[in-house]
Amino acid sequence: MKTSSKIIALVCILAATVAGLSVKGIQTATTAEIMAPLKPGDPMLIKAEREFVKGRHIFRFDTFGDEAFWGDALQLHLAIAGQGLGGVGTGVSPNTALAVGLKVDVEALPQALIQALRLGQVNLDDPATTLTLLEMDAVVGVQGFFNPDGTLRSIGITCALCHSTVNDSFAPGIGQRLDGWANRDLNVGAIVALAPNLLPIADRLGVDVNTVKAVLNSWGPGKYDAELNQDGKAFRPDGKTAATLLPAAFGLGGVNLHTYTGWGAVTHWNAYVANTQMRGKGTFFDPRLNDPVKFPIAVKTGDWNLRNEPDLITSKLPALHFYQLGLVAPAPPRGSFDPMAARRGKAVFNIKANCARCHVPPLFAEPGWPMHTAQEIGIDDFQAQRSPDGMYRTTPLKGLWTHMKGGFYHDGRFATLLDVVNHYNALFVLGLTEQEKNDLIEYLKSL
Ligand code: HEC
Ligand code: HEC
């Protein structure tokens, strides 16, 4: 009798445990469980995969016809080819390209070339080698267009230029693509300043070419100004560049507003950039830019309401959007942070410092409308005022470890994470100890 009641009790406990597990299972289903209903041949899965692959191709290789601007108008291709190959000046060798932060996709190179590179048989100081790389689609974010005789006819840029890097698997700057990573080595300004004809930019801004050059050269690596050609503001009141850091373009699923100042949804910004920054040929409409006080140049040039025929952008926005949201933030490599300290830092983040009230896990931005005034986060409102809302968006922190170069906050004003933590510690009077600050930093590195 005694034994059988024990057995019954045991069975009850087991049943309760199993029930508990399955309830928990609903909340935190494993990937295998979620995937189970999707059989390999599932039509929805096939469609989703096609859309993803299409979006990836657009992100990596589509210029949206912007070669009409970068090549045909600015003649950047002539500066790349150099005098010896039908262009102007000394040309851009692979070594020069790597020095300004351009990246080479090793997977686009044929085995023979990889072998020759290994043996040091490729002249990396010769612009002709750059043209060969362009012909192979191996320069990340740059598309060459060639004449039948092999000379460079024009050049265009893609999203990958600023939002991809490589893992350096072959050599520094040469490796496998890392889509969505901010290229903080890339000196966009220095590259554009090479263009033989900067008049189209100067005319737009209503300044002379030397001023344009000075502005471009003020940006430095890892920065670009995505609002300059709407408001003409090249410098902050303190005289520093108005350019912002190139942000990551991954880990944005679930986040409602994008860019440092929350211009809109991912697809709003994709259309904005493709049309108004890359100068691809499409359709873009945003009446908020039709504001002569905030965006005098957008009003003058009509950038708030662009219509191109044919439209090379609009049909690509769905797949591009899908791909962007599919770019999950990469996990930090083992050994890149102290796991024990990070665990303690998580508690500091969530409780004592209450960072989580704005950086709500696991999005690390607020679900809803993640916008704050400059005053709330204790900084000036210069950049915020360059956007329609006049506020800053809570930066999603996933994958923070991939962009530790160039500083933090939209303009990199805080050189280190300790500087960021010290800023909040003072602003919110958190009273963090040195140990808590350190733990918090290890947690930030673990996201
Ligand atoms: C010349 C460099 C450059 C190119 C090319 C470029 N971007 Fe960006 N991108 C930026 C900068 C700089 C910002 C930040 C702008 C801001 O906050 O004002 C940004 C912001 C973004 C964001 C918002 C990220 C966030 O944290 O919310 C997304 C998404 C994005 N870009 C996608 C794209 C796509 C898609 C393309 C191609 C159509 C593209 N970008 C082309 C420089 C670039
Ligand atoms: C009131 C809301 C709010 C609180 C609270 C808050 N943040 Fe932020 N955080 C922001 C906003 C908004 C930005 C964007 C600022 C910018 O780019 O200029 C930001 C940016 C950051 C960045 C820079 C990310 C990058 O890529 O440059 C880090 C790191 C960060 N916060 C960490 C923290 C930590 C740690 C705490 C707690 C001590 C915290 N935040 C508390 C709103 C907040």
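Helices (H or I, at least four residues) and strands (E, at least two) are DSSP runs, numbered from the N terminus. This is a predicted model, in which local features need pLDDT of at least 70 and side-chain atom pairs count only at pLDDT 80 or more, while totals for chains, interfaces and linings use all residues. Residues are numbered from 1 along each chain as its sequence is written, and chains are lettered from A and ligands numbered from 1 in the order in which they are written.

**Figure 1. The whole protein.** The protein holds 19 helices and twelve strands. Its C-alpha trace spans about 100 × 55 × 45 Å along the principal axes. Of the 447 residues, 39% are buried (20 or more other C-beta atoms within 10 Å of the residue's own; exposed means 12 or fewer, and partly exposed lies in between; C-beta atoms are placed from the backbone). Two residues are in contact if their C-beta atoms, placed from the backbone, lie within 7 Å. Among contacts between residues at least 6 apart in sequence, 67% join residues at least 24 apart.

Figure 2. The shell consists of 26 residues, of which Cys159, Cys162, His258, Thr259 and Tyr260 come nearest to ligand 1 (a residue is near a molecule if its C-beta atom, placed from the backbone, lies within 6 Å of it). At least two shell residues come from each of α9 (160–163), α14 (266–277) and α16 (317–326). The most, five residues, are given by α14. Sorted by class, the shell around ligand 1 has 18 nonpolar, seven polar and one charged residues (Ala, Val, Leu, Ile, Met, Phe, Trp, Tyr, Cys and Pro count as nonpolar, Asp, Glu, Lys and Arg as charged, and the others, Gly among them, as polar).

**Figure 3. The packing of α14 and α16.** The axes of α14 and α16 lie 10 Å apart, at an angle of about 120 degrees (axes are lines fitted to C-alpha atoms, for helices over the stretch in contact, and angles run from 0 to 180 degrees between N-to-C directions). The two helices α14 and α16 are therefore oblique to each other (angles under 35 degrees count as roughly parallel, over 145 as roughly antiparallel, 65 to 115 as roughly perpendicular and the rest as oblique). On the α14 side, Val266, Thr267, Asn270 and Ala271 meet Leu317, Leu320, His321, Gln324 and Leu325 of α16. These contact residues divide into five nonpolar, four polar and no charged.

**Figure 4. The packing of α18 and α19.** The axes of α18 and α19 cross at roughly 125 degrees and come within 10 Å. That angle makes α18 oblique to α19. Leu417, Leu418, Val421 and Asn425 of α18 make the contact with Lys437, Leu440, Ile441 and Leu444 of α19. By class, this contact has six nonpolar, one polar and one charged residues.

**Figure 5. Helix α7 and the residue Gly120.** Just after α7, Gly120 takes a positive phi of about 70 degrees.
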